[in-house]
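Here are some notes for a colleague who is opening this structure for the first time.

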Amino acid sequence: MAALAGIGSCCSTLSSTSNFRTSWLKFESQTHGGRTILGTSYRRRTLAIRAKVNFVTAEEAKELIAVDGYTVVDVRDKSQFERAHIKSCHHVPLFIANEDNDPGTIIKRTLHNNFSGLFYGLSFTKPNPEFVQSVKSQFSPQSKLLLVCQEGLRSTAAANKLEQAGFENIACITSGLQTVKPGAFDSVGSTELQNAGKAGLVTVQGKISAVLGTVLICAYLFITFFPDQAEKILQIFQTT
């Protein structure tokens with residue numbers, strides 16, 4: 001038997017990228033007596049294409065629901081959801097109430113409640129660790145989901161999480177429910193959808209300002225059109 005000559009080995013690695021995900025393909029070759037034999041790959045090449053999130057206006061969102069069969073998933077916290085939400089939607093909050101009692105959380109909660117909570121009515125929350133699993137338990141990856149929140153930030157973050165989890169048909173309302181016109185959707189709650197994010201002393205301050213403004217305008221009109229009566233009233237206050 002002839003002796004084997006020039007036995008050697010070499011390998012080459014090729015890479016390919018397709019929409020965020022890289023797959024590697026590795027080949028091995030051996031040289032026998034001046035002949036090169038290409039080996040088979042030991043890992044199959046995989047291509048993964050991630051769907052893009054569809055950002056729509058409120059009017060376009062209505063069409064997605066009525067025509068394309070999208071299901072509304074509200075990702076706001078419990079307090080905003082209870083103030084107003086789209087009728088027949090599903091509530092899966094991206095953030096939940098933070099009731100942890102470690103010293104650091106207690107300090108943060110106290111500061112929050114005395115400022116953001118007091119003036120703006122914002123709840124003290126933390127990320128919901130079960131968000132993706134909760135959605136998966138109710139919907140398949142092929143489900144058409146319209147994610148909504150108040151300003152559009154939480155729905156965008158939620159869409160990114162679901163996209164990474166394999167959901168293919170995700171839409172969000174640009175800038176959230178605060179841009180929705182009154183009566184645009186059938187809603188449930190104590191206020192309009194666009195006002196569900198308003199709470200705390202800010203709303204009271206707004207009402208007080210409106211009342212004071214009305215009083216000042218009425219006083220100005222009274223003095224302008226009834227100067228004599230206004231002077232008499234002023235004299236009464238000066239003598240008392």
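1. In this predicted model, five strands form an open sheet in the order β4-β11-β10-β5-β7, and their pairing is parallel. The edges are held by β4 (54-56) and β7 (90-91), and because each has a single partner strand, one side of each is left without a neighbour in the sheet.

2. Helix α6 (residues 153-164) lies across β4, β10 and β11, and runs at about 150° to β10.

3. Within strand β10 sits V148, which counts as buried because its relative accessibility is 2%, where buried means under 20%. Not counting residues up to four places away in sequence, V148 touches V72, V73, D74, V75, R76, S155, I173 and L177. From V148 to T174 the C-alpha to C-alpha distance is 9.1 Å, although the two are 26 residues apart in sequence.

4. The largest nonpolar core has 20 residues, of which I86, L146, I173, L177, V180, F185 and L193 touch the most other members. At least two residues of this core come from each of α1 (58-66), β6 (84-86), β10 (144-148) and β11 (169-173), with α1 giving the largest share, 3 residues. Apart from this core lies another, of 16 residues, which includes L147, L162, F167 and C172.

5. Leaving aside neighbours within four places in sequence, V180 is in contact with A58, F185, L193 and Q194.

Technical notes:
Residues numbered from 1 in each chain as written. Predicted model: local features only at pLDDT ≥ 70, side-chain atom pairs only at ≥ 80, totals over all residues. Heavy atoms only, no water. Core = buried A, V, L, I, M, F, W, Y, C linked by side-chain atoms within 4.5 Å. Buried < 20%, exposed > 50% of the residue type's maximum accessible area, 1.4 Å probe, protein only. Helix = DSSP H or I, 4+ residues; strand = E, 2+ residues; numbered from the N terminus. Contact = heavy atoms within 4.5 Å. Pairing = 2+ DSSP bridges. Axes fitted to C-alpha atoms, helices over the stretch in contact; angles between N-to-C directions.
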